[in-house]
Amino acid sequence: MNFEFTNQAIDFIQQALSQHNSKSYRILMDYADGNSPYNDDPVVMGKYRLLIVADNDPKVSFDLYSSKFETNFEPIYLNPLYAMMFDHQHKIGFDPAYPALTLSSDAGQITPKLPLVLALPAS
């Protein structure tokens with residue numbers, strides 16, 4: 001299992017982070033199944049999303065995100081229950097037409113719009 005960010009995806013995330021106090025955070029690959037934090041948006045229910053949360057966020061049970069994967073950007077944390085969904089090489093890209101992050105694997109595109117949820121204090 002491996003995650004790789006394209007340069008455009010990294011730029012997009014860094015631009016979003018620049019509007020927040022992003023000194024201490026974690027990137028979580030999440031599957032919005034009703035049991036995860038920040039699942040109050042019905043648009044993303046039942047879908048993959050990238051959560052960026054403060055290291056001390058009380059809404060997040062960090063012990064549920066115990067699988068850590070190094071990437072070419074920042075580590076990604078994942079709930080081990082969903083590891084089988086990510087058993088290939090994965091790429092987080094950027095589509096400037098939307099603009100939105102994308103998620104794909106060896107098998108092809110998983111989602112053309114990977115939601116980026118920033119749950120960080122504003123700077």
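**Exercise 1. How many salt bridges does a search of the whole structure find, and which side chains form them?**

*Solution.* 
Step 1. Searching the whole structure, which is a predicted model, gives three salt bridges. As background, side chains of opposite charge can pair when their charged atoms come close. The cut-off to apply is a nitrogen-to-oxygen distance within 4 Å.

Step 2. Start with Arg26 and Asp55, whose side chains meet at 3.4 Å, N to O. Arg26 has 25% relative accessibility, so it counts as partly exposed. Asp55, at 32%, also counts as partly exposed.

Step 3. Next, look at Asp30 and Arg49, where the closest N and O atoms are 2.9 Å apart. Asp30 is in strand β2 and Arg49 in strand β3, so the pair ties together parts 19 residues apart in sequence. Asp30 counts as buried because its relative accessibility is 3%. Arg49 is buried too, at 0%.

Step 4. Finish with Glu70 and Lys68, which meet at 3.6 Å, N to O. Glu70 is exposed, with 52% relative accessibility, while Lys68 is partly exposed at 44%.

**Exercise 2. Over which rings does Arg26 lie?**

*Solution.* 
Step 1. Find Arg26 again and look for Phe62: Arg26 lies over the face of this ring, 4.8 Å from the ring centre.

Step 2. Now look for Tyr77. The charged end of Arg26 sits over the Tyr77 ring, at 4.8 Å from its centre.

**Exercise 3. How many aromatic pairs are there, and what is the geometry of Phe5 with Phe73 and of Tyr31 with Tyr48?**

*Solution.* 
Step 1. The count comes to seven aromatic pairs.

Step 2. Phe5 and Phe73 are 5.3 Å apart, centre to centre, with 70° between the planes. Planes over 60 degrees apart count as edge-to-face, and this pair is edge-to-face. Phe5 is in strand β1 and Phe73 in the loop between β4 and β5, 68 residues apart. Both Phe5 and Phe73 are buried.

Step 3. Tyr31 and Tyr48 are also edge-to-face, with 5.1 Å between centres and 65° between planes. Tyr31 lies in strand β2 and Tyr48 in strand β3, so their pair ties together parts 17 residues apart in sequence. Tyr31 is partly exposed at 23%, whereas Tyr48 is buried at 17%.

**Exercise 4. Which residues of α1 are buried, and which exposed residues are on the face turned away from them?**

*Solution.* 
Step 1. The buried residues in α1 are Ala9, Ile10, Ile13, Ala16 and Leu17. They cover an arc of only 130° around the axis, which puts them on the same side of α1.

Step 2. On the face turned away from the buried side are the exposed residues Asn7 and Gln15.

Step 3. The buried residues of α1 pack against several strands, including β1, β2 and β3.

Methods: Residues are numbered from 1 along each chain as its sequence is written. This is a predicted model: local features need pLDDT of at least 70, side-chain atom pairs count only at pLDDT 80 or more; totals for chains, interfaces and linings use all residues. Side-chain values use heavy atoms; hydrogens and water are left out. Rings of Phe, Tyr and Trp (its six-membered ring) pair if their centres lie within 6.5 Å; planes under 30 degrees apart count as stacked, over 60 as edge-to-face and the rest as tilted. Helices (H or I, at least four residues) and strands (E, at least two) are DSSP runs, numbered from the N terminus. Buried means under 20% relative accessible area, exposed over 50%, partly exposed in between (1.4 Å probe, protein chains only). A charge sits over a ring if NZ of Lys or CZ of Arg is within 6 Å of the ring centre and within 35 degrees of the ring normal. The arc is that of the directions from the helix axis to the C-beta atoms. Contact means heavy atoms within 4.5 Å.
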